[in-house]
Amino acid sequence: LAPNRGRKSPTFRQFAQEYLDWARTNKKPTTVLRNQMAIDVLMPLLGTKKLNAITPWSIEQFKKRRREAGRRHTTINTELAALKAMLRKAREWGKMSNAPEAGVKKLPSPEYRTRFLSEEEEALLLSACQPALRRIVQAGILSGLRRIELVNLRTEDVDLARKTLRVDSAFS
């Protein structure tokens, strides 16, 4: 028996709002922001479609459009991951019966090498910063933290006595 039997499937736009309302209560703010950004780029293609009318082909068309727009594979894969999570939740809530995302594969992500700033680049970057920002940039340079990790850093995450820093994953 299909979970959505006898009920109308909502549009992607309608469900996206329900999903974001749920996510604001149950997910980290950074995850909600990432989901919102993915929904914003999915909306032109899927917004008016009923959830049960979304097909693997329409998801593949989304991937194609994003590549043609010059987006990186990692960006597209992040957007696909958000869509897949939404559609899993839609099935869990009985809003749709099919799983169109099941056969859609991620794009291959190129291997990136780690690059460090040269001393000259570091000096140039720091000289361009206002004093308050300079301290944040220096903390990032010295610690290797990502921008989002620096922004979310709290006083209680720093233990000066032990010389440690606790970082919650910004991507979970």
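**Reading helices and aromatic rings in a predicted model**

User: Let us begin with a single residue. In which helix does Leu-87 have its place?

Analyst: Leu-87 is located in helix α4. Please keep in mind throughout that the model is predicted.

User: Which residues of α4 are buried, and against which helices do they pack?

Analyst: The buried residues of α4 are His-73, Ile-76, Asn-77, Glu-79, Leu-80, Ala-82, Leu-83, Lys-84, Met-86, Leu-87, Lys-89 and Ala-90. They pack against α1 (12-26), α2 (29-46) and α3 (56-68).

User: What does the backbone do just after α4?

Analyst: Most residues other than glycine have a negative phi. Just after α4, Gly-94 adopts a positive phi of about 75°. Lys-163 is not a glycine, yet its phi is positive as well, at about 60°. Lys-163 lies in the loop between β1 (158-159) and β2 (164-165), and its relative accessible area of 76% makes it exposed.

User: How is the packing of two helices described, and at what angle do the axes of α1 and α2 cross?

Analyst: One takes the approach of the axes and the angle between them. The axes of α1 and α2 come within 11 Å and cross at roughly 180°. Angles over 145 degrees count as roughly antiparallel, and α1 and α2 are therefore roughly antiparallel to each other. On the α1 side, the contact is made by Phe-12, Arg-13, Ala-16, Tyr-19, Leu-20, Ala-23 and Arg-24; on the α2 side, by Val-32, Asn-35, Gln-36, Ile-39, Leu-42, Met-43 and Leu-46. Sorted by class, ten of these residues are nonpolar, two polar and two charged.

User: Are α1 and α4 roughly parallel or roughly perpendicular to each other?

Analyst: Their axes come within 11 Å and cross at roughly 90°, and the two helices are therefore roughly perpendicular. Phe-12, Phe-15, Ala-16, Tyr-19 and Trp-22 of α1 meet Leu-83, Ala-85, Met-86, Lys-89 and Ala-90 of α4. This contact has nine nonpolar residues, no polar residues and one charged residue.

User: At what angle do the axes of α5 and α6 cross?

Analyst: The axes of α5 (residues 119-127) and α6 (residues 131-143) come within 9 Å and cross at roughly 155°. That makes α5 roughly antiparallel to α6. Here Glu-122, Leu-125, Leu-126 and Ser-127 of α5 meet Arg-134, Val-137, Gln-138 and Ile-141 of α6. The contact has four nonpolar, two polar and two charged residues.

User: How are aromatic rings read, and how many aromatic pairs does the count come to?

Analyst: A pair of aromatic rings is described by the distance of the centres and the angle of the planes. Rings pair if their centres lie within 6.5 Å, and by this rule the count comes to four aromatic pairs. One is Tyr-19 with Trp-22: the ring centres are 5.5 Å apart and the planes stand at 40°, so the pair is tilted. These two residues are three apart in helix α1, which separates them by about one helical turn. Tyr-19 is buried, with a relative accessible area of 1%, whereas Trp-22 is partly exposed at 23%.

User: Is the pair of Trp-22 and Trp-93 tilted or edge-to-face?

Analyst: The centres of their rings are 5.7 Å apart and the planes stand at 80°, so this pair is edge-to-face. Trp-22 belongs to helix α1 and Trp-93 to the loop between α4 and α5, so the pair ties together parts that are 71 residues apart in sequence. Trp-93 is partly exposed, with a relative accessible area of 30%.

User: Which residues do the ring pairs link into a cluster?

Analyst: The cluster consists of Phe-15, Tyr-19, Trp-22 and Trp-93, linked by ring pairs.

Conventions. Residues numbered from 1 in each chain as written. Predicted model: local features only at pLDDT ≥ 70, side-chain atom pairs only at ≥ 80, totals over all residues. Heavy atoms only, no water. Buried < 20%, exposed > 50% of the residue type's maximum accessible area, 1.4 Å probe, protein only. Helix = DSSP H or I, 4+ residues; strand = E, 2+ residues; numbered from the N terminus. Contact = heavy atoms within 4.5 Å. Axes fitted to C-alpha atoms, helices over the stretch in contact; angles between N-to-C directions. Parallel < 35°, antiparallel > 145°, perpendicular 65-115°, else oblique. Nonpolar A, V, L, I, M, F, W, Y, C, P; charged D, E, K, R; others polar. Phe/Tyr/Trp six-rings, centres within 6.5 Å; stacked < 30°, edge-to-face > 60°.
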